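Have a go before you read on.

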Amino acid sequence: MQQAIQKAGVIGAGVMGATIAAQLANVGIETLLLDIVPPKGPTEEDLANGITADSPKFRNRLAQAGVDTALKSKPASFYLADNKELITVGNLEDDLAKLGEVDWIIEVVVERLDIKQSVFEKIETILKPGIIVSSNTSGISAAAMCEGRSELFRQQFAITHFFNPPRYLKLLEIVPGPDTLPEVLDSLAETCEKRVGKGIIYVKDTPNFVANRLGVFGMYSTIRAMMDLGMSVETVDKLTGPIIGHPKSATFRTADLVGLDTLVHVANNVYDGVPEDDQREMFATPELITKMIDKQLLGQKTKQGFYKKSKDEQGKRVFLSIDYNTLEYTPKEKVKLASLATAKSMSGPERIKALFYADDLAGQFTFRTTTEGLIYTAKRLGDIADDILTIDNALKWGYFWKSGPFETWDALGLAKSTAKMKEAGYTIPAWVEELLASGKESFYKTVKGALHYYDLDTKDYRPAPTKPGVILLPSLKEQEKKIAGNAGASLVDIGDGVACLEFHSKMNSIGEDTIRMMHQAGQIVSKDFDGLVIANHGTNFSVGANLAMVLFAAQEEEWEELEFAVKALQDVLMFLKYLDKPVVAAPAGLTLGGGAEICMAADRVRFAAETYFGLIEVGVGVIPAGGGTKELLIRNTEHLFKVKKGGLYPKQIDMTPFLARAFETIAMAKVAVSGPEAIAHGYLRSTDRMTVNRDYQIEDAKRTVQAMNLEGYHPGRPRTNIRLAGENTLALMKLGLWSLHKAGYILDHDLTVSTKVAHVLCGGNVLEGTEVDEQYVLDLEREAFMSLCGEPKTQARMQHMLEKSKPLRN
């Protein structure tokens, strides 16, 4: 029977151990973080402060340093800094016995078998039935780590390989030991997937498992291709980043982040461990890497690797890249390649396809590196993993690839690309040739909305496993569950009387189609369904209003059309806010501007942990005008007037500190960098809930709708008693803004925009204590927005933002 994991112990407080502990704390798992006692005694400064060799402050110093480093890490390791309170620090000498009280012990020490074995010996002294033990090794064999261990240890042991940084990278490779009990694996999977938010793959006990085995092969293959073709570091990064669906860090910025010494260690693990691999020599360290390590050009840890930050003669910061022939740094060159320019004009898989079939230098490079990676991956199927799904998920979840190797091969056209490979002299793995010879045309296909993949054992397609609680909107639409839709959004029946409104415009920006569909969705749900979920599978929930449309209307002075569009957004969000059926928003990724306002109009929000939430309109010279300013006014002040005193609501309450919080949030365009932080900023309510693994978010939102109905849902009524601070507080805020402007802290246009924000929050030129309805505040929002859109400086900011975001939008 699988057990619930409520308490964990992490041994090793280095970067990886501390950030694993941080993620466990993020999801509410109490964690004991242990490290060794510092080998050197207290410093003179310690002794002067009364810290001796026996002081916990000294003895727990390394563990505490790990927590402190995690708190300062960028990107942030903690959802909220307060989550650190769930971590207790200690050391292996004084606190080993405390590990006997936890449910799961994770070893995260240095990658040496002998050191890990010594840690396991200590663990055995406190190990009890039911305590799971795992190692975070990136490549050491589970069988080797189990040698000499007790039966109890072997049965309760597995490898749990997290990827760095643990908060952000979804992949968790689980490797069973020779004697691991099934219930141990079940407990780990249940906790890590549902609670910690990981994507689980079960892999074989081979060197570097799946993701790092294939990732390092690709890295070394790329380095060799670069040097053979005489290409620069920056050219390769342009060809191996977002243009082919890989992260911005591409090849060499990734290497710098990882550290060249770490990269070599991982590669050597494969080279030493798989003498039978016909591509073993690919894992031999390239001479360039050896020379760079000799010169301590290790990457970010030594502040110089393939790239280096420096300053020019004028003191301006410059980004330099290495000339691998001389190991000297030179300014980054501009990359101009015909096929690269063509690929940039395309989207999705068409980009890598354009590069793969191109004849220029970029095409030669892409063809060679892609072909070598695909063939090597196909050869290893069966050795490192049993199916192509596992391999594709490993690279997508562990390396942030948009498509896995077999998905990429399908996108290239399996038959056409294989023919090109053979023509170039490459040998195609026999099983791929057999697949094509049987008349099959791809590794994947969709049947009646269900994904099927080619299975090596049966030599036929089989359905991809589906998990209870995972709702896939594209699959439902293929099953004809789409109720209504247009170019901007669709309404989909997700079962049990609940419908889902899905945005699918570019970056899910809000335009006329989206607004129209929101209104239609509300009408349909009111008549035919029990509730509405607003969610999608996009990288971003919504980046807000279609800025290009707003700018165009302002430049053409189409003021009536623009005001009509703003009013339409306000109206539809008020309509959804007071719909007679529950509305639950499920944001993830960027949820900005109008996207945030949609969530604030919902009854409840089921947010993903990685939700980046904010009202950022002031950044382009306007204010939130879809109800966001109104909602922050309400949320920051409504609690002041809920307590009766002597039977009457208090009239004389100083609202200034609470308005100041709302003002600061809007005027500084604060963006919460996690879902919980959105609650802390006041964007979301304490009644809103988090889903860590986004795979389950739509189902969780659906269940929230059902729970609200079960409790007896009654829609709210539009507010008619919003208390305003009035003209005196507005004058005070204006004075503060004028002082900031006079001191040079804010620009002229910042003063103009901030004054508009203050005007709306205070209710304009009214007396303190005046009560108004929501429409009054919405009218103030809209009036401020329209007046600012007429400002040339606002239009210039909008233009700049559009140009700046063009690569992201592409």
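A salt bridge here is a side-chain nitrogen of Lys or Arg within 4 Å of a carboxyl oxygen of Asp or Glu. With that cut-off, the structure holds 48 salt bridges. Keep in mind that this is a predicted model, where local features need pLDDT of at least 70, side-chain atom pairs count only at pLDDT 80 or more, and totals for chains, interfaces and linings use all residues. Residues are numbered from 1 along each chain as its sequence is written, and side-chain values use heavy atoms, leaving out hydrogens and water.

**Exercise 1.** Work out how Glu-190 and Lys-194 are placed in helix H8.

- Start with the pair itself: their side chains form a salt bridge at 3.8 Å, N to O.
- Next, look at the spacing: they sit 4 residues apart in helix H8 (residues 182-195; helices are DSSP runs of H or I, at least four residues), so about one helical turn separates them.
- Then check accessibility (buried is under 20% relative accessible area, exposed over 50%, partly exposed in between, with a 1.4 Å probe and protein chains only). Glu-190 is partly exposed at 35%, and Lys-194 is partly exposed at 39%.

**Exercise 2.** Find what the salt bridge between Glu-193 and Lys-467 ties together.

- The N to O distance is 2.4 Å for Glu-193 and Lys-467.
- Glu-193 lies in helix H8, while Lys-467 is in the loop between strand S14 (460-463; strands are DSSP runs of E, at least two residues) and helix H21 (473-478), so the pair links parts 274 residues apart in sequence.
- Glu-193 is buried at 11%, whereas Lys-467 is partly exposed at 39%.
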